[in-house]
Amino acid sequence: MLAQRWMWIAWPAFLAAGVMEMLVFSVFDPMDMSWWGQSVELSRSAVYTIAFFIFWAVLSVAGYLTMLLSIPAAKVNGEPSIS
């Protein structure tokens with residue numbers, strides 16, 4: 001069951017990261033970006049890859065927090081179920 005829950009988080013986050021990647025890099029060129037005033041010394045592909053994994057991680061954390069907040073209070077507090 002735990003693996004299934006992780007997939008409920010990871011798969012939508014993966015798809016959303018792909019969409020976010022397309023949206024961000026349709027507006028910004030990685031070669032025009034700078035980091036602390038220095039130009040980025042990575043290839044376009046490297047920037048795309050790093051950005052995708054960052055987007056995927058952030059969206060996975062958001063999905064995990066959403067799932068965490070959807071747990072009923074009775075289950076969190078260890079109360080017996082009323083059903």
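Trainee: In which helix is the place of Ile9?
Mentor: This is a predicted model, in which local features need pLDDT of at least 70, side-chain atom pairs count only at pLDDT 80 or more, and totals for chains, interfaces and linings use all residues. Residues are numbered from 1 along each chain as its sequence is written, and side-chain values use heavy atoms, with hydrogens and water left out. Helices (H or I, at least four residues) and strands (E, at least two) are DSSP runs, numbered from the N terminus. On that numbering, the place of Ile9 is in helix H1.

Trainee: How far apart in space are Ile9 and Val61, C-alpha to C-alpha?
Mentor: Along the sequence, Ile9 and Val61 are 52 residues apart. In space, from C-alpha to C-alpha, Ile9 and Val61 are separated by 8.5 Å.

Trainee: Which word describes how H1 and H2 lie to each other?
Mentor: Two packed helices are described by the angle between their axes and the distance between the axes. The axes are lines fitted to C-alpha atoms, for helices over the stretch in contact, and angles run from 0 to 180 degrees between N-to-C directions; helix H1 (residues 2–27) and helix H2 (residues 44–69) pack at about 135°, with their axes 7 Å apart. Angles under 35 degrees count as roughly parallel, over 145 as roughly antiparallel, 65 to 115 as roughly perpendicular and the rest as oblique. H1 and H2 are therefore oblique.

Trainee: How many polar residues does the contact of H1 with H2 have?
Mentor: Ala, Val, Leu, Ile, Met, Phe, Trp, Tyr, Cys and Pro count as nonpolar, Asp, Glu, Lys and Arg as charged, and the others, Gly among them, as polar. In the contact of H1 with H2, 20 residues are nonpolar and two are charged, while the number of polar residues is three.

Trainee: How many aromatic pairs does the structure hold?
Mentor: Rings of Phe, Tyr and Trp (its six-membered ring) pair if their centres lie within 6.5 Å, and planes under 30 degrees apart count as stacked, over 60 as edge-to-face and the rest as tilted. By this rule, the number of aromatic pairs in the structure is eight.

Trainee: What is the angle between the planes of Trp11 and Phe14?
Mentor: Trp11 and Phe14 are three residues apart in helix H1, and so about one helical turn separates them. Their aromatic pair is stacked, at 5.6 Å centre to centre, and the angle between the planes is 15°.

Trainee: Is Phe52 buried or exposed?
Mentor: Phe52 pairs edge-to-face with Phe53, at 5.6 Å centre to centre and 75° between the planes. Phe53 has a relative accessible area of 48% and is partly exposed. Phe52, with a relative accessible area of 16%, is buried.

Trainee: What is the radius of gyration of the chain?
Mentor: The chain has three helices and two strands, and from the N terminus on its elements run α-β-β-α-α. The radius of gyration is taken over C-alpha atoms, and the globule rule is 2.2 Å times the number of residues to the power 0.38. For 83 residues that rule gives 12 Å, and the chain is well over this, so it is more spread out than a compact globule, with a radius of gyration of 19 Å.

Technical notes: Buried < 20%, exposed > 50% of the residue type's maximum accessible area, 1.4 Å probe, protein only.
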